[in-house]
Amino acid sequence: MEALKRPPTQVLKNLWIGTEWNSCSRDLLVELNIRYILNAGYPQCKNHFQDEHENYKYLTVELYDGNLEQDLLQYLEPSFTFIGNFNK
């Protein structure tokens, strides 16, 4: 469980990869100025601040651990567009 509480990893200037614990920590999101969240763990991982539209924007992708039959390609273009919109 401690592994889930590690800080997120910065990939680009405005792009981080993290855990559900990271995405539900308002203090961490504020500290790192994270406002756009691509949730690739839904429905297991909830959009914790989805009602705060002025503060956080979500793209939700329904991926399931262990499901080798799911079509990942359908999520690439929307994910790249979402990332491109905030990483300018």
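Is Pro43 buried, exposed or partly exposed? I began my notes with this residue, and at 27% relative accessibility Pro43 counts as partly exposed. I found Pro43 in the loop between β3 and β4, the latter strand covering residues 57-62. I then looked along the chain from there and noted that the C-alpha atoms of Pro43 and Val61 are separated by 8.6 Å, although the two residues stand 18 apart in the chain.

**Confidence**

I am working with a predicted model, and I checked its confidence before going further. The mean pLDDT of the protein is 87, and 93% of the residues reach a score of at least 70. When I went through the elements, helix α2, residues 26-31, came out with the highest mean pLDDT at 95, while strand β3, residues 36-42, had the lowest at 88. I keep in mind that where pLDDT is low, the predicted coordinates should not be read in detail.

**Largest pocket**

I looked up the largest pocket next and wrote down a volume of about 970 Å³. Its lining is made up of 35 residues, and those that lie nearest the centre are Trp16, Ile17, Gly18, Ile37 and Leu38. The elements that contribute two or more residues to this lining are β2 (15-17), α1 (20-23), α2, β3 and α3 (73-86). Strand β3 gives the most, with 6 residues, and I note that this is also the element with the lowest mean pLDDT. By residue class, I recorded 18 nonpolar, 12 polar and 5 charged residues in the lining of the largest pocket.

**Salt bridge**

I found 1 salt bridge in the structure. In this salt bridge the side chains of Arg26 and Glu52 meet, with a distance of 2.9 Å from N to O. The pair links distant parts of the chain, as Arg26 belongs to helix α2 and Glu52 to the loop between β3 and β4, 26 residues apart. I also looked up the accessibility of the arginine, and Arg26 is partly exposed, with a relative accessible area of 35%.

**Exposed residues**

I went on to Asn33, which lies in the loop between α2 and β3. Its phi is near 55°, and I marked this as a positive value in a residue other than glycine. Asn33 is exposed, with a relative accessible area of 61%.

Where is His53 found? I located His53 in the loop between β3 and β4, the loop in which I had also placed Pro43 and Glu52. With a relative accessible area of 54%, His53 is exposed, since that class begins over 50%. The C-alpha atoms of His53 and Gln70 are separated by 29 Å, the two residues being 17 apart along the chain.

My last entry concerns Leu73, which I found in helix α3. Leu73 is exposed, and its relative accessible area is 65%. From Leu73 to Glu31 I noted a distance of 33 Å in space, C-alpha to C-alpha, for two residues that are 42 apart in sequence.

Technical notes: Residues numbered from 1 in each chain as written. Predicted model: local features only at pLDDT ≥ 70, side-chain atom pairs only at ≥ 80, totals over all residues. Heavy atoms only, no water. pLDDT = per-residue confidence, 0-100. Helix = DSSP H or I, 4+ residues; strand = E, 2+ residues; numbered from the N terminus. 1 Å grid on protein atoms, 1.4 Å probe; cavity = no way out; pocket = protein on both sides within 12 Å on 5 of 7 lines; lining within 4 Å. Points joined across faces, edges and corners; volume = space filled by probe spheres on them. Nonpolar A, V, L, I, M, F, W, Y, C, P; charged D, E, K, R; others polar. Buried < 20%, exposed > 50% of the residue type's maximum accessible area, 1.4 Å probe, protein only. Salt bridge = Lys/Arg side-chain N within 4 Å of Asp/Glu carboxyl O.
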